[in-house]
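Trainee: Can you walk me through one spot in this model? I'd like a close look at a single side chain and then whatever connects to it.

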Amino acid sequence: MRVTPLGLYCEPGDFFIDPVRAVDHAVVSHGHADHARPGHDALLATPETLAIMRSRFGAENAGRRPRPLPYGESVTRNGVTVTLRPAGHVLGSAQVVLDWRGSRVVVSGDYKRAADPTCAPFEPVRCDVFVTEATFALPVFHHPPAEHEIARLLKSLTVFPDRAHVVGAYALGKSQRIIKLLRQAGYEKPIFLHGALWNLCALYEELGIALGPLEPVPKGLKRGHPPILAGEIVLAPPSAEATPWARRMADPVTCAASGWMTVRQRARLRGVELPLIVSDHADWGELLATCAEVEAPEVWVTHGRDDALVHALGLRGVRGRALHLVGRDEDDEAAELPVAEEAAATEPAA
């Protein structure tokens, strides 16, 4: 395995994993835009990730020769056997397991260990080298159960029934997880969506993840129209919360669903009234537990707080290596595709 300007390269297999630009042979771990890029020739990914890439890039840009590989099945290229195992990050997210001449490398992509009703749970795979992220690799990051944060949101609805609750959540993975968690908590009312979230929610439904009644935020309101959606939950990209779009809501309670909401100063700087600590990444304890569970004597860290994780692993007798891969974002909100203006977003007619 070699680090190149294009990303992590498997030399004997002659393919890249999550390359930052279009290449001849790519394996893609999941559909977030800092891992899934358009324009590859031969492309290997789970069927769900390929569907997400087609939805986001168009079929013509989601691999000229796409090959779906379901979890647990394997293909071999130039003697390297590639198997995809669930990463628990978003729907279709995978760890890339590489076996060659008796050695095993696992490239985990982005992952979380908490239960998520919208995707398959992470499966630890014993290996010789484990390649991990380190987005939340500091002891301060301990993510509470997501159900606890959803209960806080529902309680706020009862305390402020005349206010719209606008939850900032990125389009792929987090939005659908929030919706599903609300349904599991007994919330049966329609949930209102910014247009930029509609297509991926519809795709999740097509792929078997039932989300319940969803409605678009009303459009085409004339100037002076009374504020809308009092007492309702509205999901939107985080970037939409500070736009005129949000000011149409009834005295909105600005919420944000992110692991970064652990940092109170970050929430204050963003003007978040109700921070919800809901993360699609492993926290500090889960990162260390996962590295122990896979029993790899060597751990490579792709991005995030690699210095802290490498140091902590060294104290446990594990060799750590920071890869400093380019093009990786520590925040999936930053890794999202640019949000188009709502007027240009695809959604059903109001």
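What is the relative accessible area of Lys 189?

Mentor: Lys 189 comes out at 37%, which makes it partly exposed. On this scale buried means under 20% relative accessible area, exposed means over 50%, and partly exposed is in between (1.4 Å probe, protein chains only). Before going on, keep in mind that this is a predicted model: local features need pLDDT of at least 70, side-chain atom pairs count only at pLDDT 80 or more, and totals for chains, interfaces and linings use all residues. Residues are numbered from 1 along each chain as its sequence is written, and side-chain values use heavy atoms, with hydrogens and water left out.

Back to your lysine. Lys 189 forms a salt bridge with Glu 232, with 3.3 Å between the closest N and O atoms; the term stands for a side-chain nitrogen of Lys or Arg within 4 Å of a carboxyl oxygen of Asp or Glu. Lys 189 is in the loop between H3 and S13, while Glu 232 is in the loop between strand S14 (214-216) and S15, so the pair ties together parts that are 43 residues apart in sequence. Those element labels are DSSP runs numbered from the N terminus: helices are H or I with at least four residues, strands are E with at least two.

The whole structure has 18 salt bridges. One of them pairs Arg 77 with Asp 14 at 3.4 Å between the closest N and O atoms. That one links distant parts of the chain, 63 residues apart: Arg 77 belongs to strand S7 (residues 74-77) and Asp 14 to the loop between strand S2 (7-10) and strand S3 (15-17). Arg 77 is partly exposed at 26%, and Asp 14 is partly exposed too, at 33%. Another joins Asp 41 and Arg 64, 4.0 Å from N to O. Here Asp 41 is buried at 19%, whereas Arg 64 is exposed at 56%.

Now for the elements around your loop. The largest nonpolar core has 36 residues, and those with the most contacts inside it are Leu 182, Ile 191, Leu 193, Ile 233 and Leu 235. Such a core is a set of buried Ala, Val, Leu, Ile, Met, Phe, Trp, Tyr and Cys residues joined through side-chain atoms within 4.5 Å. Elements giving two or more residues to this core include helix H3 (174-184), strand S13 (191-193) and strand S15 (233-236). H4 supplies the largest share, 6 residues. Leaving aside residues up to four places away in sequence, Ile 191 touches, among others, Leu 182, Pro 213, Ile 233 and Leu 235; a contact means heavy atoms within 4.5 Å. Apart from that core lies another of 24 residues, among them Phe 130 and Val 294.

Last, the cysteines. With a disulfide taken as a pair of cysteine sulfur atoms within 2.5 Å, the count is 0. For Cys 127, the closest cysteine sulfur is that of Cys 291, 9.1 Å away, too far for a bond. Cys 201 is in no disulfide either, as its nearest cysteine sulfur, in Cys 119, is 14 Å away. Cys 127 is buried at 7%, and Cys 201 is buried at 1%.
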